[in-house]
Amino acid sequence: MATAVYSAVPSDEGQPTPQTTYNSPKDLPQFTWRAVGVGVAIGALLCFTNMYFGLQTGWISMMSLQSSLLGFAIFKAAKPYLKVPFGPAENIVLQSIAVATGTMPLAAGFVGIIPALQMMTTKDNPSGPIHLTATQMILWCLAIAFFGVFIAVPLRTQVIIREKLPFPSGTATAQMIGVLHNTPLVVKEDGQRYDVDDEESTLRQRRTPRPNNRNISSNFDDDDDESAAIHVSGTNNNKSYSSTSTTTNLQQSYGSSIGQLTPLGPHKNNHSNNDTDATATPDNGEVVIGGEDGEFSLDKTFLQEDNWRINMTALGVAFTLSGLYTVLSYFLPGIAAIPVFDWLTGMTVTVGGTWQWFLTPSLSYVGQGIIMGFPTTAAMLLGCVVGWGILSPLATLNKWVPGPVSSATDGARGWILWISLGVMIAESIVSLLGVVVLSMVAHYRYKARSQRYAEQRALLEHSGASNEAFEQLDEDTVNDDAPIDQLVPLKVWVCGLILSSFLCLFLIWVVFRDQHMPVYATLLALALGCLLSVLGVRALGSTDLNPVSGIGKVSQFVFAGVVPGGIVANLIAGGIAEAGAQQAGDLMQDLKTGHLMGASPKAQFWGQLIGSLASVFISTGVYKLYSAAYELPGDVFQVPTAHVWLDLARLVNGHSLPDYTVPFILGFAALFAGLTLLTTVYSDVAVLRGSSKPKWLKYVPSGIAFAIGIYNLPNFTLARFAGGVVSVWWDKHCQKYGKDPSAKYARLGRVFLIIIASGFVLGEGTLSIVNLFLKTFGVSPWSCVGCYAGCCKCGA
């Protein structure tokens, strides 16, 4: 047996790097404690970042791509000290742990449910607001942190192995890790499987002969010139996927897998049955995939030492600049609230202080806009203009609200929040109904495909066909999966689901036993959470959008009838459902990444549990730090998501709507329900027919993005829109100069901009810790020069 040296991290040119010899990447360890340590550390960084932005604007990101890139960069720097190379499967486990740790602020409701409980009045709850102690928060997190993970395990076989839902961000992460480690995908999206052996890599393909794929090689050295090239196309509205774009690709030939679902997007070969698939590397060295970070190119020169140094330098510079701005804005608050519109009016109208139209030139929000993409940020800007430029002055000037514009209780801000809520509910319901319908179509087609297979097999048996015919038929319908020893055992996930459910029941009773939260209500919330998690997973797999917000709102509607008048029970039930959907979606996205790279599902499963457990304590500590230093909600952290949760809980439990809101709520809800239905129908019909979706669909604004533009202050939306504009400009710049060898940065493509944007986001999220401690120890700003009443938070 020949032995190949596998270098998991590219070495510096001219420097010898003695390594242990491995036959292939699959021989490298997958679950390691070093991956656990680095994954938790990166996850803690993401947790601080997500908590910070979640409390400010409700924005949470999985950042799976960034986690894998950071993990790779850390182990690349430590390569001289590694006895065992850092392999692709280990990177997958690392990013699974990081994502599980970093997304707990949303899963545990720290940016929504927990602040909403604190915002209640005696009209909502006889005992007034509920302020959980640190111990109670830990118990609450332990109650909801695990059952969603166990829900995801049995769904994997159906949505990943059989139906092969695309999970665009999971696929994008797999492609990124594949390029970082110079390792081809083990499983292709069309059902092909690459088995990497010691001597050679063999392809088992359903019907067509083996393609001449340059990425398949027996030499796994990272300096191989045949590194993959990736062109990632976005998803969702800023990306290239409709909010319910899912379909079943039922081909008459045996070339398609049973009940396979194909994504709607730029994949030109989704509906063709030829020798190459949408993710195989064609002759030009590019594949097309989708991810949450917009469009970017990543070619085989990415790991070359010069390009790697440029990209990492850009990441460091972006991180530093954003962090410096964050700290400087604490000492000079005026730079975080620039009244540009007051200047445009010659300072004759206080547009900033009165109407909240001012600019926060935060690099992190520009980075978010780059990642979101222009279509989403444009929809946000539209919502901002309608909400803060039209509806807010309308409500204020007509005296429909008694308080100031900035007030979320009796001002225009609270008034327009109801319009935002109506839009989100309408789009969520229509989207979830679309997922239900398409899931039924997928199930029907899977059954039809299975029946056709049985009929074909019976026909072959009756005709006395050769063994080759039977082998061909079986090969056409085989579902490639990991070895049995790498799967999560049945008894583990069954016992785990039962135990985690009992843990949830018990701990919820312990924490909220004095708040009229019946045990039967918690049990029903768990059951409903399991059911809605299935819809959330299917929506995430098809559209790259996990509708956890919509799932929580559906639960709130249901529990208005289960526990009438129980606002506390309503919030808790919604939080349980949201947590289950979030955890199940996170793990399923990671399992898709692992499936494409041949990683162990069991290792990822344990990684997810470890990350969730670690984040129980990390998230609680981070939230307690912020709540101790700042008022929540307050001038710095408005916690808009908490207002949405509490307002809906009040509405479904009999509280009346503010005056004059009903016509606007019904009108905008009907408008965006119609737009969502329109985009869903046209997108899915196009896929079912095997045609491309209409080009005009990308110009239809997203209801969720529109609603976010309403309930966020304009200063956040303006900075994000600037990022969306930068994103468009950079794409055009790269198209024009990307082929020019002298264009040092344009030739790096969109990945260069995504790296900078990630540095912007992580820089403010990380250095906000410095501001947090400055605030905790009572350090005062240097100067309030440039601050204007109503928009500057000097000393806040």
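Mentor: Buried means under 20% relative accessible area, and we apply that cut-off here to a predicted model.

Trainee: Is Thr593 buried or exposed?

Mentor: Thr593 has its place in helix α19, which spans residues 567-597. Its relative accessible area is 1%, and because the cut-off lies at 20%, Thr593 counts as buried.

Trainee: Which residues does Thr593 touch, not counting residues up to four places away in sequence?

Mentor: Some of these contacts belong to helix α8, residues 168-180, a helix of which 13 of the 13 residues are buried, so that α8 is largely enclosed by the rest of the structure. Leaving aside residues up to four places away in sequence, Thr593 touches Ile92, Gln95, Gly170, Thr173, Ala174 and Ile177.

Trainee: How many residues apart in sequence are the parts that Arg34 and Glu90 tie together?

Mentor: Arg34 and Glu90 form a salt bridge whose closest N and O atoms are 2.6 Å apart. Since Arg34 lies in helix α1 (residues 33-57) and Glu90 in helix α3 (residues 88-102), the pair ties together parts separated in sequence by 56 residues.

Trainee: Which helix holds Arg750, the partner of Asp731 in a salt bridge?

Mentor: The side chains of Arg750 and Asp731 meet at 3.4 Å, N to O. Arg750 is buried, with a relative accessible area of 5%, whereas Asp731, at 21%, counts as partly exposed. Asp731 lies in helix α24 (residues 714-737), while the helix that holds Arg750, residues 750-776, is α25.

Methods:
Residues are numbered from 1 along each chain as its sequence is written. This is a predicted model: local features need pLDDT of at least 70, side-chain atom pairs count only at pLDDT 80 or more; totals for chains, interfaces and linings use all residues. Side-chain values use heavy atoms; hydrogens and water are left out. Helices (H or I, at least four residues) and strands (E, at least two) are DSSP runs, numbered from the N terminus. The expected span of a helix is 1.5 Å times one less than its number of residues. Buried means under 20% relative accessible area, exposed over 50%, partly exposed in between (1.4 Å probe, protein chains only). Contact means heavy atoms within 4.5 Å. A salt bridge is a side-chain nitrogen of Lys or Arg within 4 Å of a carboxyl oxygen of Asp or Glu.
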